[in-house]
Amino acid sequence: MSALAAALRKDLLLQWRTRAQVVAIFVFGASALLLFSFAIGPHAAALRQHAAGFLWLALLLSSTLALAESFQSEMEHRALEGLLLLPADARALYYGKAIANALQLTLLGVALVPVMVVLYDAGTARLPALLGIIVLGSAGLSAPGTLYAAMTAQARARQTLLPLLLFPLVVPVLLAAVKATSLLILGDPMGQIRSWAVLLVSFNAIYWSLCGLLFERVVED
Amino acid sequence: MRDYSTRPYALGGLGIALLLWGSTWGLLFAPREAYMGDVQRIMYVHVPTAWNAMLALTFAFACALFFLLRGGWEWDARLEAAIEVGVVLSTLLCMQGAIWAKPTWGVWWDWDPRLTTMAVLLFAFGGILALRQFVDDPVKRAVWSAVAVVIAYVDVPIVYFSVKWWNSLHQMQSSPETVSRAFHWPLRINAFGVLLLVAGLIDLRTRLAALRREGELAAPPVVAERATPAPIGAAGGTP
Amino acid sequence: MHLTPRRGTGRTSAVTGLAVEAEGLGRRYGRRWALRDVSLAIPVGSVVMLAGRNGSGKSTLLRVLATAIRADLGTARVALHDVRTERREVRKRVALLAHHSHHYEALTPRENLAIAASFLGREGDRPRLLALLGRVGLADRADDPVSTLSAGMRKRLALARVLLQDAAVLFLDEPYGELDPPGFHLLDRVIGELRAGGATVIVATHLLERGRALCDRALVLEEGRLVWSGPAAEVPEDAAAGGPTS
């Protein structure tokens with residue numbers, strides 16, 4: 001079994017074993033969607049217009065919880081250090097964790113879609129495309145998010161530091177994902193979704209490689 | 001240790017002198033711009049600030065790369081200085097942008113791609129300053145902030161492009177430098193003025209950071225006698 | 001002094017001469033030097049006690065030699081490889097039983113060992129994992145989450161994990177820490193078996209009596225410096241007495 005497969009297996013097992021937390025994070029995200037609707041008021045047209053933005057904001061906020069959680073188990077008894085000493089390749093450990101986080105965020109995103117449909121009357125018939133955007137957006141959050149989660153799990157004030165570092169960085173992901181989702185919901189007469197998807201793919205390509213390279217410096221002494 | 005004592009002050013002093021000269025010229029004596037009027041004069045300060053903010057943050061990126069690839073505490077000290085000065089300049093830039101936008105467009109913020117990118121950079125690098133505050137171990141602090149700077153800087157073109165595209169779908173806003181033409185001499189003088197001032201500030205701040213690091217890290221222990229002395233990385237730099 | 005490879009798995013290689021050599025090791029944490037100018041040479045196959053008060057630098061020394069952390073000054077070679085430039089090679093040949101037990105709370109002992117095995121390239125070896133758990137006395141708790149285990153049982157799990165690695169050099173940091181009397185005897189037996197198999201073991205402990213009985217040599221650290229080295233039977237009584245808690 002390659003190191004990456006071993007790492008991915010470990011992280012999926014950990015996620016499965018702590019799945020109660022994911023449910024709690026989903027509830028958090030759904031509550032956020034509800035609260036956002038109060039910010040607009042019961043105006044159906046306005047709610048529909050902004051639904052995509054709120055979905056991604058809810059997912060972004062939920063991601064800080066999920067990402068921080070993903071390194072809790074690695075740091076409390078220094079399990080990550082234990083693996084590095086076996087020796088296990090730091091890059092494999094990063095990609096295993098980042099992929100598992102991306103899958104978890106995709107799941108969260110998909111679970112929040114029905115909530116959005118109900119609260120905002122904002123649905124789309126183009127479900128495969130929506131899934132694609134959710135996957136790309138989740139991956140874009142996960143790549144730098146996993147790196148920063150590893151960093152902040154070892155620092156003080158970790159709950160504040162992770163969003164502080166992550167949010168400015170993922171502005172392109174937020175912009176692209178919101179625009180693309182909005183076009184799926186409201187219609188895309190000029191076929192612009194493709195361009196936003198390309199932006200997401202580029203962000204992912206750059207950050208999945210860059211963070212993989214830098215991860216070792218963050219977790220090794 | 002080299003004696004820095006006069007260099008930053010010399011740089012800063014010269015910079016301020018140039019700034020005074022260029023600003024007086026641009027703000028009071030340069031020809032009035034036909035289309036926009038006196039508001040356009042802010043460009044004599046705004047453009048130099050923009051150039052130097054990017055320069056400071058690019059210098060921070062270079063320091064981060066040097067630190068990660070070659071090590072050495074001096075790069076961490078310069079990194080700290082460059083980030084701080086870059087954040088201050090970005091803040092000034094956003095304030096200037098707002099001051100320009102209000103009389104021009106009637107709103108404080110017009111989502112100009114360049115300015116919005118600077119705002120995102122302001123938050124990104126400000127966050128890295130916060131990161132430095134919350135990490136106690138000097139080595140970890142240095143490595144992590146260097147990593148964070150690299151990640152944030154690589155994002156700059158992506159943020160710029162995505163905001164530009166996002167904005168272009170609505171309306172074509174304009175920024176001071178695209179609309180109005182400046183009388184270029186006061187602009188250049190100010191640009192050099194800010195550059196020298198920034199260089200002086202970074203120099204001074206680097207010295208402060210280096211002194212703080214010296215206070216945080218214990219000096220190598222005194223050794224009575226050693227058979228084969230082989231101190232590696234006496235300053236504790238990372239490889 | 002040649003050493004025959006350990007049984008079965010072929011992960012370790014023959015190690016000749018010195019298992020551990022260090023020259024002028026120094027490591028600081030901020031303003032405090034935890035290790036100062038530590039030089040030592042440990043022959044292959046010896047069992048060494050590392051004694052000293054709390055805060056004397058024992059854990060730091062073990063962690064530096066195991067490549068968990070870097071030295072700020074000095075050099076060291078463990079299992080013939082440099083700890084600074086050949087970390088990966090050192091890690092393949094050593095195992096560290098640390099203060100932190102390197103496990104996942106939410107998973108079971110069996111799963112924790114399986115994860116370690118998968119990174120060691122031995123994920124198919126299920127019977128061996130169970131046998132190891134049996135050896136450390138965790139067979140009947142193999143499938144309970146570690147969060148439900150006592151501190152002593154977690155130590156046993158950590159021990160099993162270390163044994164899984166088939167290392168040529170083992171660093172045990174206060175292994176007797178949370179163990180009960182049966183656990184003490186288990187550990188004594190394990191160290192004896194390791195010695196018989198030709199491994200080099202460095203045990204940090206302040207249980208001087210036990211150390212004198214088990215170990216060949218002893219090193220004493222005080223405030224980060226090596227202040228005494230000699231046969232384990234002769235280690236001075238005050239080596240682990242009192243001192244500040246770390």
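Colleague: What is the bridge partner of C:L221 in strand 10 of chain C?

Modeller: The bridge partner of C:L221 there is C:L226. Before we go on, this is a predicted model, in which local features need pLDDT of at least 70 and side-chain atom pairs count only at pLDDT 80 or more, while totals for chains, interfaces and linings use all residues. Residues are numbered from 1 along each chain as its sequence is written, and chains are lettered from A and ligands numbered from 1 in the order in which they are written.

Colleague: In which sense do strand 9 and strand 10 of chain C pair?

Modeller: They pair in the antiparallel sense over 6 bridges, strand 9 being residues 217-222; two strands count as paired if DSSP finds at least two bridges between them. Helices (H or I, at least four residues) and strands (E, at least two) are DSSP runs, numbered from the N terminus. Another bridge in this pair links C:A218 with C:G230 in strand 10 of chain C.

Colleague: How many residues lie between the strands in that hairpin?

Modeller: There are 2 residues between strand 9 and strand 10 of chain C, and C:E223 in this hairpin takes a positive phi near 50 degrees.

Colleague: And how does strand 3 of chain C run against strand 9 of chain C, parallel or antiparallel?

Modeller: Strand 3 and strand 9 of chain C run parallel and are joined by 5 bridges, and C:A51 stands opposite C:V220 of strand 9 of chain C.

Colleague: Why is strand 9 of chain C described as largely enclosed?

Modeller: Because 5 of its 6 residues are buried, strand 9 of chain C is largely enclosed by the rest of the structure. A residue is buried if 20 or more other C-beta atoms lie within 10 Å of its own, exposed if 12 or fewer, and partly exposed in between, with C-beta atoms placed from the backbone.

Colleague: What is the order of the strands in the open sheet of chain C?

Modeller: The 6 strands follow the order 6-7-8-3-9-10, with mixed pairing. Strand 6 (94-97) and strand 10 (225-231) of chain C stand at the edges with a single partner strand each, so one side of each is left without a neighbour in the sheet. From one strand to the next the twist averages 15 degrees, where axes are lines fitted to C-alpha atoms, for helices over the stretch in contact, and angles run from 0 to 180 degrees between N-to-C directions.

Colleague: Which helix packs on the sheet?

Modeller: Helix 1 (residues 58-65) of chain C does, touching strands 3, 6, 7, 8 and 9 of chain C, and its direction makes about 155 degrees with that of strand 7 of chain C. Contact here means that the C-beta atoms of two residues, placed from the backbone, lie within 7 Å.

Colleague: Changing topic, how many residues of chain C are in contact with chain A?

Modeller: On chain C there are 24 residues in contact with 22 residues of chain A. Helix 3 of chain C gives the most to that side of chain C, with 5 residues.

Colleague: Last one, what share of chain C counts as buried?

Modeller: Of its 246 residues, 53% count as buried. Chain C has 7 helices and 10 strands, and along its principal axes the C-alpha trace spans about 45 × 35 × 35 Å.
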